[in-house]
Amino acid sequence: MKTIELLPKNVTYYKANLHCHTTISDGKMTPEEIKRHYQERGYQVLAITDHDRYGNHSELCDENFVAIAALETEINQAGDMSWNYRRTWHMNWYDTCPERDAGIKKALTCPSEAYESLDQVNAYVKKMTELGFLGCYNHPYWSLQTCDEYTKLKGMWGMEIYNHGCEMDGLYGYHPQAYDEMLRSGQRLFCVAADDNHNSMAQDGGLYDSFGGYVMIGAVSLTYGGIIDALKKGHFYSCCAPDGQEEAPRILELTCTGNRVHVKCTPADKIFLKTAGRNCHRAAARPGETITEADFELNGEEGYIRAEITDGKGRHTVSNAYFPE
């Protein structure tokens, strides 16, 4: 019986932050400083997503580091309400081919589409996708949006399931329910954990917004093309480490053989397989112990599956959703 690798094995996994701000917008570090900052913590990939300003930081790329050309755009609710209550679409855009339409991309700025028109918002998503971007819908809780709004987005490559900056802002950085709602609405998109760092708080003060949300990308090479190809295919998983100090569990194996799913990871206290319904497949360690693998038998009612692994210390790891045929 054929075994399907939901996450590829014979590749190298690279640590990446896909949401980052610098002095080009409202961050406190220059692109060069932010590269050094993340490399010191073992990162090999960074998407610099400054607000409403496209950045292709190819000068930061070398044999040990890939900087993804990107930007974050926003479409704000109209009216004279306080910023504190203004709903907004924030989207990251990762450039799959910076050499293509370089002049058009360099001129990109804040979109003019109306927040209240989902037709306009979705037309904007289509335009950016046709330019060669992978679009990621950001921090739904912080954006004050409802299920009725974001489940009507069309054409997004992914969405944030964890935003570390939002976790530091208001303990509202983790939104698995929003991801599940998107999936249950019929959308097939990936999930991303990211920092959304601005680096304005003290590194030792407990509210620092770097190093808490990241993805592990399984790529055949640490090159721009290799990383983009892995992102397109969903060959990555997301890690949420709110303390910003220790890493979340790593997924070492995620395979499906017939109706059986096998999960192998670094030591954890729980390994769950979440589904489209309320029933989960579950495995847990005894109190004071850890587990490193689990096997689950699918019953055909799952709709989709996604692994979620916790270490009992507030850190957890989530896979993308997979749809058993």
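This is a predicted model: local features need pLDDT of at least 70, side-chain atom pairs count only at pLDDT 80 or more; totals for chains, interfaces and linings use all residues.
Local features were taken at pLDDT of at least 70 and side-chain atom pairs only at pLDDT 80 or more, whereas totals for chains, interfaces and linings use all residues. Residues are numbered from 1 along each chain as its sequence is written, and side-chain values rest on heavy atoms, with hydrogens and water left out.

A disulfide is a covalent bond between the sulfur atoms of two cysteines; here the term was applied to a pair of cysteine sulfur atoms within 2.5 Å. The structure contains 0 disulfides. Cys136 takes part in none, and the nearest cysteine sulfur, that of Cys191, lies 9.4 Å away. For Cys239, the closest cysteine sulfur belongs to Cys240 at 7.2 Å, which is too far for a bond. Burial was assigned from relative accessible area (buried under 20%, exposed over 50%, partly exposed in between; 1.4 Å probe, protein chains only). Cys136 is buried, at 0% relative accessibility, and Cys239 is likewise buried, with a relative accessible area of 0%.

Positive phi values were found at two aspartates. Secondary structure elements are DSSP runs numbered from the N terminus (helices H or I, at least four residues; strands E, at least two). Asp52, although not a glycine, has a positive phi of about 55°. Asp52 is placed in the loop between strand 3 (45-48) and strand 4 (66-68), and counts as buried because its relative accessibility is 15%. Asp196 also has a positive phi, near 55°. The loop that holds Asp196 runs between strand 9 (190-194) and strand 10 (213-219). With a relative accessibility of 8%, Asp196 is buried.
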